[in-house]
Amino acid sequence: MIKVLVFGKNGQLARSLAWRCKAFAGLRLQFLDRNDCDVAQSGNITKAVDLYRPDIVINATAYTAVDLAESEPELARRVNCDAVRGMAENAARHSVPFIHVSTDYVFDGEGKVPYRETDPVAPLGVYGATKLAGEEAVRTITNQHLILRTSWVYSPFGKNFVKTMLRLLGDKKHISVVDDQQGCPTSALDLATAILRIVPDIIRRDFDQFGTYHLVSDAEMTWRAFTSEIQAKATKILGEQWLGATCEIKAVTSAEFPTAAKRPSYSVMSTEKFIANFGFDLPEFNHSLIEVLRNLVEGEEYA
Ligand SMILES: NC(=O)c1ccc[n+]([C@@H]2O[C@H](COP(=O)([O-])OP(=O)(O)OC[C@H]3O[C@@H](n4cnc5c(N)ncnc54)[C@H](OP(=O)(O)O)[C@@H]3O)[C@@H](O)[C@H]2O)c1
């Protein structure tokens with residue numbers, strides 16, 4: 001049995017890992033929530049890793065409030081950088097691999113073709129900068145790391161764009177959605193399955209493909225187009241009588257919808273390296289979005 005210590009328990013990724021791990025009989029996952037281990041308090045991480053003595057450590061915690069981070073840079077740094085450094089140090093001390101998840105917001109969005117892992121980074125805001133600092137700390141501390149950069153994460157759990165849009169589409173006659181930022185919406189359920197699939201590989205002594213990878217869905221679109229996909233697929237599931245079926249989705253620019261943190265206008269990432277080294281890709285976007293929508297509209301347990 002492979003012992004997996006997961007920092008985080010209630011976020012989208014952690015809950016997706018908890019759900020998906022039922023299909024992985026050889027893995028035993030231990031999740032730590034904020035009460036078990038506040039990762040922003042130094043010392044907690046060391047105690048947890050010493051107590052559980054895992055075969056691998058996964059970080060599913062993060063400070064993800066992109067706009068709030070602009071006014072709480074210290075807290076964002078403690079969670080996205082200092083805590084990540086602590087996890088990497090403790091994984092290294094126990095000679096076990098560390099899987100960390102990062103973000104497309106490390107890029108400035110000036111690119112025109114899908115970003116590769118080797119492309120220059122230049123975060124536009126505090127969230128991206130603290131996530132980048134976390135990545136850099138991991139690389140400095142341990143070679144036995146996987147940094148998986150993902151983007152636009154949605155799931156049946158927690159707060160996310162799909163849940164917000166489902167609610168707004170059902171409540172309003174018109175909504176305005178930004179149409180000049182392009183990225184790859186990615187299901188946390190798919191990320192979880194991919195992570196659990198690679199765990200047995202990366203704990204092997206001869207595994208030599210550690211490093212940074214992009215892991216996102218195959219679909220590039222704007223937030224407005226993503227909202228149209230949500231509307232079309234939810235209408236298929238709920239029927240034409242669903243109030244959201246007729247909500248008008250108006251395209252607006254980022255300038256018309258100002259936020260505290262600037263977002264990259266283009267953050268599509270290439271998954272070629274992940275596919276080449278691990279031999280599989282995330283499932284098709286349409287399938288993944290329908291799966292999450294079905295869980296949202298049919299299963300009240302995923303509140
Ligand atoms: N969400 C996205 O769109 C997105 C996009 C790109 C990359 N990512 C990356 O993907 C990963 C997973 O994101 P996610 O969507 O699952 O995030 P999430 O739903 O916001 O979950 C983050 C979790 O971190 C926990 N946490 C925050 N501070 C903590 C602390 N001091 N001690 C212990 N736990 C703490 C939170 O605990 P509480 O529940 O107690 O608050 C929460 O459960 C992150 O690395 C994120 O940066 C996310």
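Visitor: Which residue in β2 is the bridge partner of K3?
Guide: The bridge partner of K3 in β2 is R28, and L5 stands opposite Q30. This is a predicted model, in which local features need pLDDT of at least 70 and side-chain atom pairs count only at pLDDT 80 or more, while totals for chains, interfaces and linings use all residues. Residues are numbered from 1 along each chain as its sequence is written, and side-chain values use heavy atoms, with hydrogens and water left out.

Visitor: What makes β1 and β2 a pair?
Guide: Strands (DSSP runs of E, at least two residues, numbered from the N terminus) pair if DSSP finds at least two bridges between them. Strand β1 (residues 2–7) and β2 share 6 bridges in the parallel sense, so they meet the definition.

Visitor: Why are β2 and β10 at the edges of the sheet?
Guide: The open sheet has 6 strands in the order β2-β1-β3-β4-β5-β10, with parallel pairing. β2 (27–32) and β10 (211–214) each have a single partner strand, so one side of each lacks a neighbour in the sheet.

Visitor: Why is a crossover called right-handed?
Guide: With the strands pointing away from the viewer, the path from the first strand over the helix to the second must run clockwise. The β-α-β crossover from β1 through helix α1 (residues 12–20) to β2 is right-handed. A helix here is a DSSP run of H or I, at least four residues.

Visitor: What makes the largest cavity a cavity?
Guide: On a 1 Å grid over the protein atoms alone, a cavity is a set of points where a 1.4 Å probe fits but cannot get out. The search finds 1 cavity of 30 Å³ or more, and the largest has a volume of about 60 Å³. That volume is the space filled by probe spheres set on the points, which are joined across faces, edges and corners.

Visitor: Why is a pocket not called a cavity?
Guide: A pocket is an open set with protein on both sides within 12 Å along at least five of seven lines. The second largest pocket has a volume of about 200 Å³, and its lining includes P54, D55 and R205.

Technical notes
On a 1 Å grid over the protein atoms alone, a cavity is a set of points where a 1.4 Å probe fits but cannot get out, and a pocket is an open set with protein on both sides within 12 Å along at least five of seven lines; lining residues have an atom within 4 Å of a point.
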